[in-house]
Amino acid sequence: MTDLSVYRNIGIFAHVDAGKTTTTERFLKLTGKIHKIGEVHDGAATTDFMDQEQERGITIQSAATSCEWDNHRLNIIDTPGHVDFTIEVYRSLKVLDGGVGVFCGSGGVEPQSETNWRYANESEVARIIFVNKLDRIGADFLRVVGQIKDVLGANALVMQLPIGIEDDFVGVVDLLTRKAWVWDDSGDPAKYEIGDPPEDMADLIEEWREKLIEGAVEQDDTILEAYLEGEEPSIDDLKRCIRKGTINLDFFPTYCGSAFKNKGIQNILNAVVDYLPNPTEVTPQPEIDLEGNETGGTAIVDPERPLRALAFKIMDDRYGALTFTRIYSGSLKKGDTVLNTFTGKTERIGRIVEMHADERKELDSAQAGDIVALLGMKNTRTGHTLTDPNNPATLEPMVFPEPVISIAISPKDKAGTEKMGVALNKMVQEDPSFHVATDDDSGETLIKGMGELHLDIKVDILRRTHNVDVEVGKPQVAYRETITQEVKDSYTHKKQTGGAGQFAKIDYIIEPGEKNSGYTFESLVTGGNVPREYWSAIEKAFGLCMSEGTLAGFPLLDITFKLMDGAFHAVDSSAMAFEQATRAAYRQSIPKASPQLLEPIMQVDVFTPDDHVGDVIGDLNRRRGMIKSQDTGPTGTRVRAAAPLADMFGYIGDLRTMTSGRGQFGMEFSHYAPCPNNVAEEVIKETRERKAAK
């Protein structure tokens, strides 16, 4: 069995354009996995292998690869930075033990950095920080360190200081050893010298070294006591303390460099080995039963224990569906039969492969701690648990956000209909944040996603990867409905046909629920006027009705239904009769409860050069945006706002025009809020006209 202490399962995550993929590319070059560095801007990066990624210079889907450094095996996942693809970051962090958060030396803590950091906090992933692009104009390492503390609330433990900045950046000073690492101008990462740091940095080095030691020794009382008595800890003792604090999430070792110029990458790889946890050092995954309750058991990382593996990503390629799987305990062999606890069915492992971006290496077996791809899994989806059929258990599943935007698509010719259906089915399996539905009234196929770019990429994949030419409709906003008043009402369902009839009477109260409470059902019936066996039929029927509101047919949110009383007939009452009564009660009472249209509000984060701030704020106000804050930095101003999704379509084009191409923005769903009356009336009218026309 492989020694798990030499495994590191890590992810690389950051805001778009902070240099994640470039950093990954340098890791692969230095570890000997690739021999020629591919650049993102040339469309040649190893982990950006989709056509769409190479053309746009962005990462769209997470890519897995592995390499070796200092006799340690690194399983690396390069994740996207764009907000529309945060689902890839979320599901990658779910199966990783450690991460490298990359921040731009001039941009600092950008919008998507915060979202990714929040996901990493929720997943309790240990991290090291790499402040990249210190060769850029406006770069300032210590300013970014300050932002990490102020904006993210994270304790950055500074391990290095840069030598020079912007065009003069040549290397770094390692604060532990007080040694300078200086690279030459050849661009070869292996051409560097280790020597004494510049004399004019002596005071700064001692100041930050003291902060480093003070932060580290708090992890060990004995070392702390000796330090307070004037004894400086050894470098080995300090490293041990830093490792402990990193794994406990007490602080995050912080490094600096320039991935593009090949400066500082060795130090990051050393830090991954020295400070990030191996699979046995992280909190074991909790096991749950089929109802979702924790059993108290955990998937302890041990090859000898029963199999526990989590499928975290499905990817379709020319050889069939690949199921990316993290094995938490036990081992897998080619040809093994495993149980999928979600479906309750067994599946046979056809092949096991180790991935290097889109290339693969065949394996006969894999064990706890490994991240591999499985072939031959027919019914396994993202978030499903694979276990030993003789000793089943379920791992905590993944929860994915609901899409906020949809568009209608249709094939240009009839021959494409079947092809489109097959292609969409594959794409839904690959991406849990991508949904496909059929409009009941029009019969149109709707695709739903997290943003305009998300759906734009999906349409592009349909056209190029699956050769389905489609016509695309206008984007549609995922509105919701709710009620604003309590209604006390009653409904009697009577139907007499030959033989047994139908009878059900319900007295009920419908009232607005707490925000984000969804649907709550309560029965306050006493004395058996509505027998208990019919309560679930009433609860289920009302819940199903809520999928279509009475204003414009959008789903209802946050409603409490209280069953107060009623009546039944010994012969004519049945579950079906009470379901019919509930459906009619819904149609009768919801319009009386002052229904209201809700619209999705987005959290918008805009970065703009200082001379365009007024234009940006004025434009956001015109889009019904509410400005939350305005922070001025050395390279521009960051404006945060809350704005309705309906008014944000096409924003990126307008922002680029306003800021001469220099503006950037991130946007993610925040909450649903009441629609202003004039907007609601327009939406309801348009929706009804569209339905009538079809």
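Which residues do ring pairs link into a cluster? They are Y508, Y519, F521, F542, F561 and Y586. Keep in mind that this is a predicted model.

**Aromatic pairs**
- The structure holds 13 aromatic pairs.
- F542 and F561 count as a tilted pair because their planes are at 45°, with the ring centres 4.6 Å apart.
- F542 belongs to helix α12 (residues 535-545) and F561 to strand β34 (residues 559-567), so this pair ties together parts 19 residues apart in sequence.
- Are F542 and F561 buried or exposed? Both are buried.

**Charges over rings**
- K211 lies over the face of W208, 3.8 Å from the ring centre.
- K458 does likewise over the face of F434, at 5.3 Å from the ring centre.

**Strand β1**
- Strand β1 covers residues 7-14, and eight of its eight residues are buried.
- In a regular strand, side chains alternate between the two faces of the sheet.
- Here, Y7, N9, G11 and F13 point one way, while R8, I10, I12 and A14 point the other way.
- β1 runs parallel to strand β4 (residues 98-104), and five bridges join them.
- Across from F13 you'll find G101 in β4.

Notes
Residues are numbered from 1 along each chain as its sequence is written. This is a predicted model: local features need pLDDT of at least 70, side-chain atom pairs count only at pLDDT 80 or more; totals for chains, interfaces and linings use all residues. Side-chain values use heavy atoms; hydrogens and water are left out. Buried means under 20% relative accessible area, exposed over 50%, partly exposed in between (1.4 Å probe, protein chains only). Helices (H or I, at least four residues) and strands (E, at least two) are DSSP runs, numbered from the N terminus. Two strands pair if DSSP finds at least two bridges between them. Rings of Phe, Tyr and Trp (its six-membered ring) pair if their centres lie within 6.5 Å; planes under 30 degrees apart count as stacked, over 60 as edge-to-face and the rest as tilted. A charge sits over a ring if NZ of Lys or CZ of Arg is within 6 Å of the ring centre and within 35 degrees of the ring normal.
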